[in-house]
Every structure is written in structure tokens, then in C-alpha cells.
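Please look over the sequence and the model that follow, and then read on as the paragraphs below lead you through a few parts of the fold.

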Amino acid sequence: MDVLVTGAAGFIGSHLCERLVDRGDRVIGFDNFDPFYIREIKERNLAGLRWNRAFRLVEGDLTDPHDIRSTLDEAGRVDTVVHLAALAGVRPSIKNPQRTWAVNVTGTLHLFAKCREHGIRRFVFASSSSVYGKTSQIPFSERDPCGHPLSPYAATKRAGELLAHTEQHLNGLSVTCLRLFTVYGPRQRPDMAVHKFTRLIAEDKPIELFGDGNTTRDYTWIDDIIDGIVAAIDQQMQTNNPMFRIYNLGGARPTSLKGLVDRIASALGKSARMDWKAEQPGDMTHTLADIDLAQRDLGYRPKVGIDQGIPRFVAWWRAENRQ
């Protein structure tokens with residue numbers, strides 16, 4: 001199978017590309033090396049792929065339709081597009097909603113258009129648990145209307161889902177939207193909570209925490225997320241009937257902010273210095289995935305809980321930083 005993966009040099013993208021190549025697929029990676037964090041980190045993410053003849057990286061930007069067209073022209077055959085590329089993060093989207101919209105919505109529109117031009121019929125879209133709002137019932141179900149996003153980032157991800165539905169309806173593209181819940185693991189972005197807290201606690205520096213410590217997240221280990229994405233790709237390849245589906249991919253277990261910090265500190269053998277701040281606008285109070293639908297249709301079964309995942313992450317971080 002030939003797969004185009006956008007955001008291939010990122011955290012989730014690089015893990016997905018490795019999994020696909022390891023099982024015998026051919027992968028074209030597409031990434032613009034956005035300076036949100038330094039290029040060197042993304043280059044390291046690709047270190048295990050660069051030598052593999054089944055993987056080819058194209059540097060390009062979703063906001064430039066020519067970059068997408070030329071990539072697909074050179075690729076020839078593409079069976080499936082997995083669209084992971086996005087400007088992520090609630091707070092960055094509040095600071096710069098225009099750029100977040102340009103990349104996450106307009107860029108996705110460009111990608112849909114080029115898929116039509118090249119006759120690509122299958123598409124997997126990485127959405128986010130942030131599409132659920134404060135009125136959403138816990139655990140979050142795919143049946144929720146998701147009509148009240150709390151941040152520009154959340155709004156762009158919901159917009160991407162709605163555009164995907166329109167594309168399926170009008171043009172017969174088969175689309176699966178995957179709502180990912182707080183993914184962590186080796187190569188996680190340095191600005192994300194697990195990674196940032198680990199570094200600061202290890203360096204005996206205070207960590208800023210927002211709210212009262214009782215907010216909860218459904219932290220999901222990277223390999224479990226990759227299992228779900230691959231299952232969605234395979235589900236599409238097994239049918240010729242165009243479909244539109246949405247699935248939650250999460251760990252289905254809530255962990256409080258204070259509980260996360262305690263686990264990281266314990267794994268490091270350190271004490272955490274906490275600097276409490278007021279709750280931030282746009283943040284969800286709780287997230288928790290109802291994964292019944294993904295279990296039924298995709299055979300999705302998260303295997304790594306937070307008590308196993310945090311020590312694994314800390315071990316990776318120590319190896320990366322020679323500690």
C-alpha cells in the first residue's frame with residue numbers, strides 16, 4: 001500500500017511512518033518543518049526512516065497548493081492520505097487564530113482539492129478531543145454535536161471534520177476522522193505537559209500549573225494511538241463503499257493534573273516544585289473518551305495505562321538527555 005502522511009516529521013507522524021514502513025507499506029512523508037519548535041528535533045524524529053527505501057520525505061507547505069500538487073504528481077499512486085499536519089495547541093491558537101485557521105482549515109481544503117484531482121479515494125483525518133466542549137457529557141461520545149468549541153484550535157478541528165463530511169457527500173471521498181486524546185510518549189513535542197513537566201522537575205525548576213489540580217485528561221500512549229490509526233487505514237482499504245466515520249482514540253482512563261505531576265516526580269525520584277496559576281481560557285476541565293465505537297469497528301484496545309506509560313516516557317527522556 002502507498003500512503004501519504006502529512007506532518008510526517010512530527011511526534012505522531014514519525015511513529016506512524018515507522019509502523020507503516022515496518023509492515024511493508026511505502027510511505028511519502030510531507031512536512032514543512034514549521035518553526036513552532038526547532039528543526040533539529042524533527043530531524044531526529046526521522047532518523048530511523050531516512051535510510052529506508054520505502055520512505056521518502058517531501059518538504060512542503062499545506063498552505064501552498066503547488067507543493068501538494070507536485071508531491072502527488074511525483075508520488076504517482078497513493079492509496080490513502082493520512083492528514084496529521086496541523087498547528088496544534090489551544091493557547092497558540094488564541095494568540096494567532098488567523099494562522100491556525102490558514103493551516104488547519106485552508107490547508108485541509110487544499111489537500112481535499114488535490115486528492116480529487118489525483119483520484120485519491122481514501123482519507124484519514126486527525127481530529128482532536130478538543131472538539132468537545134464544556135457542555136459535552138463525560139465520557140465524550142461521537143454522538144455529541146460538538147457545537148461549542150472553547151478555542152480557535154478546537155474550532156478548526158471541528159471545521160475540518162465538517163469539511164470532510166461535505167467532501168464525502170459531494171465527491172465520494174471515504175473519510176475517517178479520529179479524535180485523539182492527549183497523546184504522549186517518546187518524541188512528544190517539548191511544549192506538551194508530560195515532556196515539559198519531566199524536564200522542569202528533573203532540573204529542579206518550578207512548573208506552572210493552571211487551575212486547582214483537579215482537572216483531568218485522558219492521557220493516551222503513542223503506540224495505542226498508532227494502533228488505532230493503522231486500524232482505520234486498514235478498515236478503509238477493506239471496502240470500496242465511500243464512508244464517513246468518526247472515532248474516539250483515547251486511553252479511556254482519567255488522570256488529574258496533580259496525579260500526573262506526582263507520577264512524573266516519582267518516576268524521576270524527585271520532588272515537584274509547583275507554581276499554581278489561574279485557570280486558562282480555552283482549556284477543558286475534563287476529557288475522557290468513550291471508545292466503544294472504536295472497539296467495535298476497529299478492534300481498538302489501549303494497552304498502556306498511565307502507570308506504565310509515565311515510567312517509560314521518563315526512561316526515554318533520560319536516555320535522550322543522558323541522565
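The crossing of H7 and H9 is right-handed, a term used when the near helix is turned clockwise from the far one by less than a right angle. This is a predicted model, in which local features need pLDDT of at least 70 and side-chain atom pairs count only at pLDDT 80 or more, while totals for chains, interfaces and linings use all residues. Residues are numbered from 1 along each chain as its sequence is written, and side-chain values use heavy atoms, with hydrogens and water left out.

Helices here are DSSP runs (H or I, at least four residues), numbered from the N terminus. H7 and H9, the latter spanning residues 257–268, pack at an angle of about 50 degrees with their axes 10 Å apart, where axes are lines fitted to C-alpha atoms over the stretch in contact and angles run from 0 to 180 degrees between N-to-C directions. The two helices H7 and H9 are therefore oblique to each other, since angles under 35 degrees count as roughly parallel, over 145 as roughly antiparallel, 65 to 115 as roughly perpendicular and the rest as oblique.

Elsewhere, His-110 is found in helix H5, which covers residues 97–117. Leaving aside its neighbours within four places in sequence, His-110 is in contact with Leu-62, Thr-63, Asp-64, Pro-65 and Ile-68. The C-alpha atoms of His-110 and Arg-158, which lie 48 residues apart along the chain, are separated by 17 Å.

Notes
Contact = heavy atoms within 4.5 Å.
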